[in-house]
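Here is a short report for a first look at a protein model. Have the sequence and the 3D view at hand as you read.

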Amino acid sequence: MGQMMNFKVEGEGTGMRLDAVAGKHTIAIDEPVSFGGKDSAIDPLSTFLSSLIACENVMAQLIAQEMKFDLQGISFNVEGSLDLAGLMGDLSVKPYFQQVTVKAVVETSEPQERIDELQKAVDLRCPVFRTIKDAGIPVENQWVKAAVVA
């Protein structure tokens, strides 16, 4: 077995807001006013989607080095959809994302075939992506080459 790494986050909730600490870093999570919060911070589900694209970014950087891939930059857009009825108590509706879509624009001199190769490697090794996909949630992941600005 490989080298194990443990992660620990502690948090304290006040109303809908949670203030969490991971090592020396803090993050605040809240709900919008329409959902009973004070909209003082990012909501939990957007935080989850942010974790997905942050993890994909880290993996893309690592794997690009391994592949000797010219990765000059990468930007992400992620969307998830879920039926609120599930988290509001309707047990006939799943309370998690029904679909997640990731769109990445890769700044590179590499052809689309190499971008596809990078994406495939990231999809296989990204812990957050794999957690979502292996849970059976449909994930659409589209990586394209950035337009060249002359």
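## The largest pocket

Residues are sorted by type: Ala, Val, Leu, Ile, Met, Phe, Trp, Tyr, Cys and Pro count as nonpolar, Asp, Glu, Lys and Arg as charged, and the others, Gly among them, as polar. In the lining of the largest pocket, seven residues are nonpolar, one is polar and two are charged. The lining residues are Glu 31, Phe 35, Asp 43, Pro 44, Leu 45, Ser 46, Leu 49, Leu 84, Leu 87 and Phe 97. The pocket holds about 180 Å³ of space. Helix 1 gives the most to this lining, with four residues. Helix 1 and helix 2 each supply at least two.

The terms work as follows. On a 1 Å grid over the protein atoms alone, a pocket is an open set of points with protein on both sides within 12 Å along at least five of seven lines, where a 1.4 Å probe fits; lining residues have an atom within 4 Å of a point. A volume is the space filled by probe spheres set on the points, and grid points are joined across faces, edges and corners. Helices (H or I, at least four residues) and strands (E, at least two) are DSSP runs, numbered from the N terminus.

## About the model

This is a predicted model: local features need pLDDT of at least 70, side-chain atom pairs count only at pLDDT 80 or more, and totals for chains, interfaces and linings use all residues. Residues are numbered from 1 along each chain as its sequence is written, and side-chain values use heavy atoms, with hydrogens and water left out.

## A hairpin

Strand 2 (residues 17–22) and strand 3 (residues 25–29) run antiparallel, joined by five bridges. Two strands pair if DSSP finds at least two bridges between them. Leu 18 stands opposite Ile 29 in strand 3. The two strands form a hairpin with two residues between them. Gly 23 sits in the turn and has a positive phi of about 65°.

## Aromatic pairs

Rings of Phe, Tyr and Trp (its six-membered ring) pair if their centres lie within 6.5 Å; planes under 30 degrees apart count as stacked, over 60 as edge-to-face and the rest as tilted. The count comes to two aromatic pairs. Phe 48 and Phe 97 are stacked, because their ring centres are 6.1 Å apart and their planes lie at 25°. Phe 48 is in helix 1 (residues 44–67), while Phe 97 is in the loop between helix 2 (84–87) and strand 5 (99–108), 49 residues apart. Phe 48 is partly exposed at 35% relative accessibility. Phe 97 is buried at 7%. Here buried means under 20% relative accessible area, exposed over 50%, and partly exposed in between (1.4 Å probe, protein chains only).

Phe 76 and Trp 143 make an edge-to-face pair, with ring centres 6.1 Å apart and planes at 80°. Phe 76 lies in strand 4 (residues 71–81) and Trp 143 in strand 6 (residues 139–145), so the pair ties together parts 67 residues apart in sequence. Trp 143 is buried, at 3% relative accessibility.

## Cysteines

How many disulfides are there? The count is zero, where a disulfide is a pair of cysteine sulfur atoms within 2.5 Å. The sulfur of Cys 126 is 3.1 Å from the closest cysteine sulfur, in Cys 55, which is too far for a bond. Cys 55 is buried at 14% relative accessibility. Cys 126 is buried too, with a relative accessible area of 0%.
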